[in-house]
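Keep the sequence and the model side by side.

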Amino acid sequence: MKKAVIFDFDGTIANSRYVWQKVDVDFFAKRGMEITRDYVEAISVMSFYNGAVYTKEKYNIKESVEEIMNEWNSQALREYKENVVLKPFVKEYLRELKDRGYKIGLATAALHDYYIPVLEREGVLDCFDVFTDTRDDARDKNFPDIYLLCAEKLGSNSANSIVFEDVLKGVKSSVSAGFNTTAVYDNQPENQWEIIKNTANRHIMDFSELLHKK
């Protein structure tokens, strides 16, 4: 089995949480509602489509699932293409992993149209060997499907793969499947970060902690 490293995208290697916070706030404000923390936590691990279905059903939104997705997409796409950047030291760490012979995959609920422009603009698209996303028909990150599928694409398995995640549900499911999981800090509330740290195999505040000093 090949040595593999699997990264989540939003909040793990990309400084992009603010995009969805703004999209969510604007979406609910337009309808005279306020966003709740339990909604943010629930939708953060869902695919784009499943998130729209969940939102429509939970809040009885009159628009169709397709219309909800189109509204979200139109707001978010430009931000990803023009402004979203990778977190500090991510580029250096990806290059180091590549130099050390690791296979690298992305396992994300984000749409292909969101993450590809960021990785291209940041000059690291070539670091990734495979991408696993909402097109692969995996269940949401309450389940480890997307990590297992990504590892399989990389010619590896959970025992030989490291997962990087920032969301508690993703950390839980990847650990449950036997992945060595590293939690990544992304301004989570202090009490939630404590739970995430205690659930993961290890944790980092930023990727500089993982770089080999020369």
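Start at Ile13. Leaving out residues up to four places away in sequence, Ile13 touches Phe7, Asp8, Leu86, Lys87, Val90, Leu106, Leu119, Phe128 and Phe207. Contact here means heavy atoms within 4.5 Å.

A word on the source: this is a predicted model, in which local features need pLDDT of at least 70 and side-chain atom pairs count only at pLDDT 80 or more, while totals for chains, interfaces and linings use all residues. Residues are numbered from 1 along each chain as its sequence is written, and side-chain values use heavy atoms, with hydrogens and water left out.

Ile13 belongs to the largest nonpolar core, which has 51 residues. Such a core is a set of buried Ala, Val, Leu, Ile, Met, Phe, Trp, Tyr and Cys residues joined through side-chain atoms within 4.5 Å. Buried means under 20% relative accessible area, exposed over 50%, and partly exposed in between (1.4 Å probe, protein chains only). Phe7, Phe9, Ile13, Trp72, Phe128, Phe164 and Phe207 touch the most other members. Helix 4 (residues 65-82) gives the most to this core, with 7 residues. Helices (H or I, at least four residues) and strands (E, at least two) are DSSP runs, numbered from the N terminus. A second, separate core holds 12 residues, including Ala4, Ile6, Ala107 and Leu154.

Now follow Ile13 to its neighbour Lys87. Lys87 sits in the loop between helix 4 and helix 5 (90-99). Is this lysine buried or exposed? Lys87 has a relative accessible area of 9%, so Lys87 is buried. Its side chain makes a polar contact of 3.0 Å with that of Asp186. A polar contact is a pair of N or O atoms within 3.5 Å; within protein, one must be able to donate a hydrogen and the other to accept it, and residues adjacent in sequence count only if both atoms are side-chain atoms.

Next, the strands. Strand 2 (residues 103-107) has 4 of its 5 residues buried. Strand 1 (residues 4-7) pairs with strand 2 in the parallel sense over 4 bridges; pairing requires at least two DSSP bridges. Ile6 stands opposite Gly105. Strand 2 also runs parallel to strand 3 (residues 130-132), joined by 3 bridges. There, Leu106 stands opposite Phe131.

Last, the cysteines. Cys127 is buried, at 0% relative accessibility. Its sulfur is 14 Å from the closest cysteine sulfur, in Cys150, so the two are too far apart for a bond. A disulfide needs two cysteine sulfur atoms within 2.5 Å, and the count is 0.
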